Amino acid sequence: MTKTRRSFFSWTRNLMAAGGVAGIAPGAEAAVPATDYYAKLGVTKIINAAGTYTALTASTMPPQVRAAVDAAAMSPVRLAELQQKSGEYIARRLRCEAAMVTAGASAALTLGTAACMTVGNRAAVALLPLEVDGLKNEVIVQKGHRYGYDHAIRNCGTRFVEVETLAQYEAAFTPKTVMCHFFNAAEHGQISREDWVRVAHAHGVPCFNDAAADVPPISNLWAYTQMGFDLVTFSGGKGIRGPQNAGLLLGRKDLIEAATWSSSPRDETVGRGMKVAKEQIVGMVAAVDWFLSQTDEGMQAEFRARAERIAARLKDIPGVTYEIFVPPLANAIPHLLIRYDQAKHRPPLEISAALRAGTPSIELNPATGRRSGSAGLPNAEDAIIVGVWMLQPGEDVIVANRLRQALLAV
Ligand SMILES: *Cc1c(COP(=O)(O)O)cnc(C)c1O
């Protein structure tokens, strides 16, 4: 060891001993044991037997994604370069013209709408959301596709024009039409994706498809851009298991570029508050890599095996039957549906309250005990629904035992 190196090391040691500086050189930071801030704050950790619900902090990141986030946190970079190169990489992997990482699918809806309103007219960016009289701001949508994310589009100062039939759709275009919006997992609406795109393009209007919750299957990540939708969004913090506050906006190159005009770090834009930090950008890229390394068969088999393990622990209880149910579009993975004789056991809402109140606290799917589950889940007034895909290894057994206890308790 040279003298310089030796003195460097003793200098470092002294600093560390003094409780001082870490991070002498990139990568040289000593690993510090993580403080459990949930414990420190008194926040209850839960077992997520519900699914990717934002109120339950939705997905968890796989180890590969967490490691990429951690590594990204160690070095500052130039944000514009990271935004550009991550977008190009994602576009290549997801077989579309262009892509950007947004602060979730909801942010992608706002930025994509802003893009449609300002493409070819960058000066208009500062006019959103209120000074839009001189801009195109009508968004055509099927009546059955109105949903809880309308506001993300309205944030740009748009107005919805509702249609039901194909003839109404064809007649709805005006010189103010700026975008045609499609909710991919909608349970109502009679106009197909193909017709939606065809008619919009015949009028030279871009089409947006919100497919936020619609992977797996993995191929959906390119199916809708390849079908001709000009913009498509997926949530990063659902099935893809990226950072919970990240998402993907995919699509036409000129529109993605226009979306960046309305986005952080640019001030005086509708999207300035929808900032995505370097950790989330890198985490989203790593999650795309992780998700593409999975197979649909592998994921379905794993989730089905979890559902079967839970069912196996319950099926000898008198009056209990079960079914493994895969919703058609959103969250299209096996869910465990447990039906039982309501005269013999406590009602589903009491069971879910008991699991919530116990230790560890368990959240069942919120459709449990309700007539209409959202997103393609069946009527579960007399049933329990277990969403198994966000369970950590081994948690299925805990959920099974606690369900058994709750069903057998009188
Ligand atoms: C979850 C969801 C969103 C919002 O996604 P975030 O990533 O949480 O912003 C938007 N649209 C649909 C259809 C969704 O299911």
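Trainee: Why is Val139 called buried?

Mentor: Val139 has 0% relative accessibility. Buried means under 20% relative accessible area, exposed over 50%, and partly exposed in between (1.4 Å probe, protein chains only). So Val139 counts as buried. Keep in mind that this is a predicted model, where local features need pLDDT of at least 70, side-chain atom pairs count only at pLDDT 80 or more, and totals for chains, interfaces and linings use all residues. Residues are numbered from 1 along each chain as its sequence is written, and side-chain values use heavy atoms, with hydrogens and water left out.

Trainee: Which residues is Val139 in contact with, leaving aside its neighbours within four places in sequence?

Mentor: They are Ile153, Thr158, Arg159, Phe160, Val161, Val178, Met179 and His181. Contact means heavy atoms within 4.5 Å.

Trainee: And where does Val139 sit?

Mentor: Val139 is in strand 3. Strands (E, at least two residues) and helices (H or I, at least four) are DSSP runs, numbered from the N terminus.

Trainee: What makes strand 3 mostly covered?

Mentor: Five of its five residues, 138-142, are buried. Glu138, Ile140 and Gln142 are on one side, Val139 and Val141 on the other. In a regular strand the side chains alternate between the two faces of the sheet.

Trainee: How do you know that strand 3 pairs with strand 4?

Mentor: Two strands pair if DSSP finds at least two bridges between them. Five bridges join strand 3 to strand 4 (residues 159-163), and the two run parallel. Ile140, for one, has Val161 as its bridge partner in strand 4. Strand 5 (residues 177-183) passes too, with four bridges to strand 3, also parallel.

Trainee: What makes a set of residues a nonpolar core?

Mentor: They must be buried Ala, Val, Leu, Ile, Met, Phe, Trp, Tyr or Cys residues joined through side-chain atoms within 4.5 Å. The largest one here has 78 residues, and Tyr169 and Trp196 are among those with the most contacts inside it. Helix 11 (residues 278-292) gives the most to this core, nine residues.

Trainee: Why does this core lie between domain 1 and domain 2?

Mentor: Because domain 1 (76-292) and domain 2 (296-408) both give residues to it. The domain bounds come from an automatic or database domain assignment.
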